[in-house]
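Look at the sequence and the model shown here.

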Amino acid sequence: MRKSRNGFMKDRAMISKGPRSSRRFFAPVTAAVLLALGAGEAPAAPHEIHVAVDGADTNPGTAELPVATLEKARDLLRQRKADGLQGAGAVVRVHAGTYLRTRSFGLDKQDGGTAEARIVYQAEGTVRLVGGRVIAGDAFRPVSDPAVKARLPEAARDHVVELDLEALGIRNAGPFPELFRDGGGIIELFIDGERLPLARWPDVEYTTIESVLENGSSSSPGTFRYRGGRPGTWGKAVEDGLWLKGFWRVPWQPETVRVAAIDPQAGTVTHARGVGGGIGSKYSKTVNGTRTGDGKENWYALNLLEELDRAGEWCLRFPTKMLYLWPPRDLKGGSALISDMKDPLVRIEDAGHVTFRGFTLEGGLGNGVEITGASEVLIAGCEIHDLGGTGIILNGGIGHRVAGCDIHQLGQGGIYVGGGDRMSLTPAGHVVLNNHIHHIGQTQTTYAPAIMLGAFGYTAVGCRLAHNLIHDLPHAAVLYGGNDHIIEYNQVWRIALDSGDVGAFYTTHDWTSRGNVLRHNLVADTNAVAFYMDDGDSGDTIRGNIAWNVASGVAIGGGHDNIVEGNVFIRCKRAVHLDDRGVARGYTLEHKQLGGQLAKVRPSLPPWSERYPGMLRLLKEHPELPTGNRITRNVMVECETRLDLSGKEENRRFSNIADNRALSLADAGLKDGEPFSALLGKDLSLTRVPGFEVIPTTKMGLCLDEFRKTLPPHGGGAASPVE
């Protein structure tokens with residue numbers, strides 16, 4: 001069910017008044033369904049408990065007398081387990097409705113099932129778990145403070161309304177931390193299911209620094225000269241608390257920092273504290289000890305009354321805890337949603353053999369689902385959107401599965417995956433399959449990817465990412481690290497929309513992150529690298545992929561033992577890049593990051609010495625040179641640069657580059673002006689290239705299966721996932 005135009009309250013009322021007779025009778029779960037849920041052979045009919053928005057927790061949980069909350073259903077299961085519940089496990093049937101949450105729904109060890117008797121939480125119809133406060137439209141009032149009204153843009157003064165958050169008991173009303181990289185921990189505001197933006201200047205794009213006066217550092221603030229006169233009018237905003245978000249030093253690290261002072265006469269801004277590495281592009285020259293900047297450092301101001309100049313924008317005045325909004329429509333009779341819950345909506349800790357299927361999770365400040373430990377938890381067919389955090393986190397455990405979910409409009413990332421043991425190379429066996437992930441990273445705009453696998457704080461071994469459709473992201477699609485992952489049949493397009501120097505599939509700074517196979521993926525239409533082994537990363541296989549209209553098809557930043565074979569690069573600026581950066585950057589055994597990782601895993605001892613014998617070469621030969629890379633049998637179709645080989649030729653002598661082939665569009669069976677979706681109708685078979693292995697483009701992307709009944713445009717692949 002789509003949200004009504006009048007908001008959450010009307011939607012809830014419509015659902016809760018539905019006839020109870022429509023949910024009375026349910027056939028027992030079939031053997032086929034239970035097998036799909038991982039239950040093994042067909043058991044006897046499972047025990048059932050029913051939950052409904054108009055139920056009561058004093059009820060027994062039958063279809064005719066359902067309970068009202070997930071917690072009561074869980075507690076009934078606990079009691080019945082204590083009384084000797086046996087057999088086929090249980091199904092908790094949660095009926096259509098909006099369930100407002102103020103705390104996590106939690107399952108722990110006592111709430112799990114077994115391989116033969118799973119515990120299934122099943123949404124019947126549209127079931128929404130909402131982690132926010134519903135605010136009636138009538139609660140918004142005209143602006144009462146003349147001083148505030150005078151600060152608003154003239155065109156906004158007759159439209160903006162206010163809401164007293166302190167009177168409502170809203171907890172996360174700020175202020176922001178002095179320095180942060182995410183959403184800053186304050187509430188978010190939604191109307192008609194749309195996240196409304198904070199007032200900002202410029203409204204859409206960025207402005208840039210004119211010049212840097214003082215770089216500052218992590219321990220001291222910096223000062224820069226701004227362009228034009230607009231910031232000079234923000235004196236009152238500085239008193240309330242004014243923050244600027246910018247790419248102060250590099251195009252992959254935005255930070256939001258409080259302003260200490262604005263000098264309108266000098267045209268300068270001084271930060272309240274230092275940002276990482278200081279202000280000014282790291283690529284700019286240094287004069288008298290100051291990095292001058294290049295005049296391209298992007299920034300904008302956010303959350304200030306003076307720039308609340310468009311319908312749909314809002315501002316939170318921290319000293320008074322008052323919210324000011326220019327409504328996108330008339331709020332009379334409608335409502336708004338304020339996300340004010342930082343805990344995850346669902347938390348599963350050590351509760352194995354649990355299924356959570358068909359739910360919609362939305363409206364919280366935190367994460368959607370967090371799973372810690374346990375084994376074989378399945379999150380399937382869920383929609384997760386409009387959260388401040390990350391959609392799903394798999395942290396440890398064995399054999400978890402996220403399948404057929406739609407994940408979008410999140411403040412941070414999509415699915416984060418960790419598990420397995422690197423010292424013993426024991427796999428976790430987690431699977432992320434057939435998910436549609438898009439428009440995430442809306443407040444943390446870098447390092448909040450669609451999928452995080454064994455990287456940046458998550459350790460992972462032996463996981464699989466397959467048949468996912470990922471698009472419209474500010475930064476990377478998949479950040480990965482760890483060992484022995486299979487990444488296949490995924491589609492990625494339009495990523496890196498608000499950052500630079502990143503890859504669709506990106507891994508970095510690890511000689512030991514080996515055995516990962518990336519095959520039969522499509523990356524298209526993005527100003528980024530498709531497959532990026534950055535800063536010494538080593539030991540990956542990139543085979544049978546397609547990169548269409550990207551900055552670089554593959555980039556190897558001084559690493560070792562990467563195999564790039566049988567790929568097709570179409571109209572890329574660069575097809576393949578290889579460099580010897582390790583010479584200048586000191587990639588030796590003493591290197592803090594690379595050498596430190598190598599020392600941790602004991603490459604000369606089993607299982608590492610047996611699984612990756614090539615690593616022993618790093619201990620004996622030339623770790624600073626790009627050794628053991630193989631770039632062979634790739635096809636470049638009308639790429640501006642086919643092989644971009646950087647550095648001294650003698651430094652690349654230990655890598656093999658051979659048998660790569662250039663073709664025209666016509667020779668590749670393609671037509672000028674076709675979109676990348678033209679590739680998806682049939683498998684790519686380049687008959688003009690002897691020995692070319694067919695790339696199964698018809699199997700890339702989303703698939704129809706039990707959890708996914710429809711496909712978006714250009715998102716489809718095989719009739720069912722390739723297992």
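Are Phe 176 and Phe 318 buried or exposed? Both residues are buried in this predicted model. For Phe 176 the relative accessible area is 5%, and residues under 20% count as buried.

A search of the whole structure finds 19 aromatic pairs. One of them joins Phe 176 to Trp 243, with 5.3 Å from centre to centre and 75° between the planes. This pair is edge-to-face, because planes over 60 degrees apart are classed that way. Phe 176 belongs to the loop between helix H5 (165-168) and strand S8 (179-180), while Trp 243 is in strand S15 (residues 243-246). The two residues are 67 residues apart, and their pair links distant parts of the chain. Trp 243 also counts as buried, at 2% relative accessibility.

Phe 176 has a ring contact with Phe 318 as well. Here the ring centres are 5.3 Å apart and the planes lie at 80°, so this pair is also edge-to-face. Phe 318 is found in the loop between strand S21 (314-317) and strand S22 (322-325). Phe 176 lies in the loop between H5 and S8, so the pair ties together parts that are 142 residues apart in sequence.

Trp 201, Phe 224, Trp 234, Trp 248 and Trp 299 are linked into a cluster by ring pairs.

A ring can also face a charge. The charged end of Arg 200 sits over the ring of Tyr 300, at 3.6 Å from the ring centre.

Conventions:
Residues are numbered from 1 along each chain as its sequence is written. This is a predicted model: local features need pLDDT of at least 70, side-chain atom pairs count only at pLDDT 80 or more; totals for chains, interfaces and linings use all residues. Side-chain values use heavy atoms; hydrogens and water are left out. Rings of Phe, Tyr and Trp (its six-membered ring) pair if their centres lie within 6.5 Å; planes under 30 degrees apart count as stacked, over 60 as edge-to-face and the rest as tilted. Helices (H or I, at least four residues) and strands (E, at least two) are DSSP runs, numbered from the N terminus. Buried means under 20% relative accessible area, exposed over 50%, partly exposed in between (1.4 Å probe, protein chains only). A charge sits over a ring if NZ of Lys or CZ of Arg is within 6 Å of the ring centre and within 35 degrees of the ring normal.
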